[in-house]
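These are my notebook entries on one protein chain, written while I looked up its parts one after another. I start from the display below.

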Amino acid sequence: MAETPPVPRRPSGELEASVLAAPWAAEGPLSAAEVRSALGGQLARTTLTTILTRLHGKGAVSRSRVGRGFAYSPLQDPAGPAARRMRSELDTQDDRSTALARFVSQLTCEDEQLLRVLLVEAAGGAPEGPQPGAGDDAL
């Protein structure tokens, strides 16, 4: 009798991102059943409830009591979970400087330019004159 191959695991965060896609696309709060329906009913009810509970605990969704269950609304835009994962990964590093340097060294020229602009804006300033290109000194 032939063995069935194992089901490949999803990349980290992919399941949460797919569950969050439903509330992002909705015009109002969704119950777990509505989220499940929006996902094509592919997830078990208990799995979906667990994911929504975890997302609530992480501050990615809010929930309000509706009948015996909850209705969920996103608290972040679609970029929020990616930013949270990047921050979480950085927080696990003993040498933050090296981790950030490696990250920056792998950016495209366009992403490096965007990061420079965002850092200036975050500091409360406005970019002055032409911004240095990717070949210039690191951030």
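**Ground rules.** I note that this is a predicted model, in which local features need pLDDT of at least 70 and side-chain atom pairs count only at pLDDT 80 or more, while totals for chains, interfaces and linings use all residues. Residues are numbered from 1 along each chain as its sequence is written, and side-chain values use heavy atoms, with hydrogens and water left out.

**Layout.** I looked up the secondary structure and found six helices and three strands in the chain, where helices (H or I, at least four residues) and strands (E, at least two) are DSSP runs numbered from the N terminus. Along the sequence, I read the pattern as α-β-α-α-β-β-α-α-α. Of the 139 residues of the chain, 18% count as buried, a word that stands for under 20% relative accessible area with a 1.4 Å probe, protein chains only.

**Sheet.** In what order do the three strands lie in the open sheet? I found the order β1-β3-β2, with antiparallel pairing, and strands pair here if DSSP finds at least two bridges between them. The edge strands are β1 (30-31) and β2, each of which pairs on one side only. Two bridges join β1 to β3, and Ser 31 stands opposite Ala 71 in β3. Strand β2 (residues 61-66) pairs with strand β3 (residues 69-74) over six bridges; there I noted Arg 63 with its bridge partner Tyr 72, and Arg 65 opposite Phe 70. The hairpin of β2 and β3 has two residues between the strands, and Gly 67 takes a positive phi near 65 degrees in it.

**Ile 51.** I then turned to Ile 51, which is found in helix α3 (residues 45-57). Is Ile 51 buried or exposed? Ile 51 has a relative accessible area of 8%, so I count it as buried. Leaving aside residues up to four places away in sequence, Ile 51 touches Leu 15, Glu 16, Val 19 and Leu 43, where a contact means heavy atoms within 4.5 Å. Val 19 is 32 residues from Ile 51 in sequence, yet the two are 7.7 Å apart in space, C-alpha to C-alpha.

**Pocket.** Last, I looked up the largest pocket, which holds about 600 Å³ of space. On a 1 Å grid over the protein atoms alone, a pocket is an open set of points where a 1.4 Å probe fits, with protein on both sides within 12 Å along at least five of seven lines, and lining residues have an atom within 4 Å of a point. The lining has 18 residues, of which Met 86, Leu 90, Leu 100, Phe 103 and Leu 115 lie nearest the centre. Helices α4 (79-91), α5 (96-105) and α6 (109-122) each supply at least two residues of this lining.

Technical notes. Grid points are joined across faces, edges and corners, and a volume is the space filled by probe spheres set on the points. Buried means under 20% relative accessible area, exposed over 50%, partly exposed in between (1.4 Å probe, protein chains only).
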